[in-house]
Amino acid sequence: MLELHGIPVSPGVAIGPALVLNREGYRIPHFQIAPEGVDEEISRLRVAVDEVSRALEASRLETAAIAGDSTGEIFAAQLQMLHDPRLHAELQRRIRQGGQSAAYAVSQVLHRYASDLRRLDNSLLAQRADDVVDIEQQLLHHLGVVTRRPLTELTDPVIVLTHNLTPSETANLDRRYVRGFCTEIGGPGGHMAIVAKGLELPAVVGIGEFLESVGGATTVIVDGDRGIVILDPDNDTLQRYEEGRQRRQHLALRLAELRDLPATTVDDVALSLNANIEFPHEVGACLEHGAGGIGLYRTEFLYLSSDEEPSEQDHYLAYREVVEAMQGRPVVIRTLDLGADKMGSRPLTEPEPNPFLGLRSIRLSLKHPELFRPQLRALLRAAVHGDVRVMFPLITTLSELRQAKMLINTIAEDLAEQGIAHRRDIPIGMMVEVPAAVLMLDRFVKEVDFLSIGTNDLVQYTLAVDRSNECVADLYQSSDPAVLRLIARCVEVAGQAGVPLSICGEMGSNPARSLLLVGMGVRSMSLPPNALPKVKKAIRSVSLQQCEKIAARAMTLEAARDIDLYLLERLGKFVPELIVS
Ligand code: PEP
Ligand code: MG
């Protein structure tokens, strides 16, 4: 049994067999070969090398016949690599002396060759690295290893263990079989984490290097509540987790009873609790968990889940599906927030040294009207089907907001001229995600219909902490006093101007922090759907006065850790049922 620690990013516990993916996304079978099996393993390797050699030779001849000798030479270079005596010496040594399987040895050695070539920072040699990976995949294929992305071909439940997942890879995990995942890198506020919550997949990220220590048939426990991953658990541990699972199920059943009750404090102060979604299909979970509306629809996932660029009609159909399913409840559609860690298969920007400070979000949309216009047209068209509101992300300057609003006006005029049904007077809001927007909020409130604080980015930009970086995860704290002061300022300015304010960052999904937010004057929150029942339970268990006392005390504390400990203690006092583990 091996216990590993990482960052808990998506709650719940999952237990199942490990599916280990290396950086290229395929399995590394890592099991010890018994001494008597070594000769057989070496002959399996020889057969695989012969097969790949024959295939490469055939490709060389075919290509030379069609495209000339020099093009055919590409394969000659691969053949030379394949027959490199040093490569074979190392593979044999690993199998004979290290007891490694042929597939594992191939994967390890060729992976290292490719990484060494890439590190040389020479574009010609980087291309050779791709040749090495190609040989590796072909050899693995002949050694009986699945070399295409197996995530799309699963047939049994698994826990995915991998170096990293992009937000789109996470979004495309097959929910029928993937029970949870663990990654070596990644931080608490990254979009991989957010998508995991949306999919209700327990996840632990930022564990550091551990894939090498996972054997072929390891059972894994992912404890997404506490950030623990257990490899090959013993029976006592398995039983303990099974009991925990039953307690959690019990709690979920009791919380489900609150679904149709309002989110009001014991002294009848009403809160609006809405849900965050990335995909139309999540609407079912929102309704099941009692969401009053959609407070944040992250539309960029339409791009991230497909290799094709979505058309205006694709946007329209997706929005219409959400709006109709919500049956008159409000739906806040956030315009594209692409860039930084949300980049599709077709990058829209050149590689940037600091992508989170670069061409992302509204900046990218304004720079690419060919991207932005179809979305806005679709949005105005979908707005005739229900209560749709539009929200711009990462607004930093007044000029950005004005440009975006102007574009909406022009598009409404175009649609009117073309006689296409649309809604012209759609409510327009902005996300407050950068300190500059908070500082200028008294000006912004004059030009928007509503505000929503995106604490995920606000924390990142206030504390200068990359939200996806495990190395600084301990600094990424939404309870930091500096963040709380910015939120307090937003509440004050929005209140004075009479502009509705909501919070749609992950901060509100923590029941203890939600009490603090209510005490600070927040009356509307949008959360991942599965966080709604717990937060509603917390709110229904306290009075406004109790929340205000909590906020007043928390605002006197000087460190995020002290604030969180205090909030947890209060939650334990007022809502002990929620402290499960
Ligand atoms: C936020 O930044 O808080 C937010 C809700 O937007 P995202 O997480 O998609 O950046
Ligand atoms: Mg954001």
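For the class counts below I take Ala, Val, Leu, Ile, Met, Phe, Trp, Tyr, Cys and Pro as nonpolar, Asp, Glu, Lys and Arg as charged, and the others, Gly among them, as polar. This is a predicted model, where local features need pLDDT of at least 70 and side-chain atom pairs count only at pLDDT 80 or more, while totals for chains, interfaces and linings use all residues. Residues are numbered from 1 along each chain as its sequence is written, chains are lettered from A and ligands numbered from 1 in the order in which they are written, and side-chain values use heavy atoms, with hydrogens and water left out.

**Shell.** I looked up who is around ligand 1 (a heavy atom within 4 Å). There are 16 residues, and Arg 298, Glu 433, Gly 454, Asn 456 and Arg 467 come nearest. I sorted the shell by class and got 7 charged, 5 polar and 4 nonpolar residues.

**Polar contacts.** I checked N or O pairs within 3.5 Å. From Thr 455 a polar backbone atom is 3.1 Å from a ligand oxygen. Taken alone, ligand 1 exposes 290 Å² (Shrake-Rupley, 1.4 Å probe), and the protein buries 100% of that.

I went through the DSSP runs (helices H or I, at least four residues; strands E, at least two). Helix 7 (191–199), strand 10 (294–298) and helix 17 (455–463) each supply at least two shell residues, with helix 17 giving the most, 3. Why is ligand 1 between domain 3 and domain 4? Both domain 3 (257–273 + 455–503 + 505–581) and domain 4 (293–445) give residues to its shell, so it lies between them; the bounds come from an automatic or database domain assignment.

Note on methods:
Polar contact = N/O pair within 3.5 Å; in protein donor to acceptor, adjacent residues only side chain to side chain.
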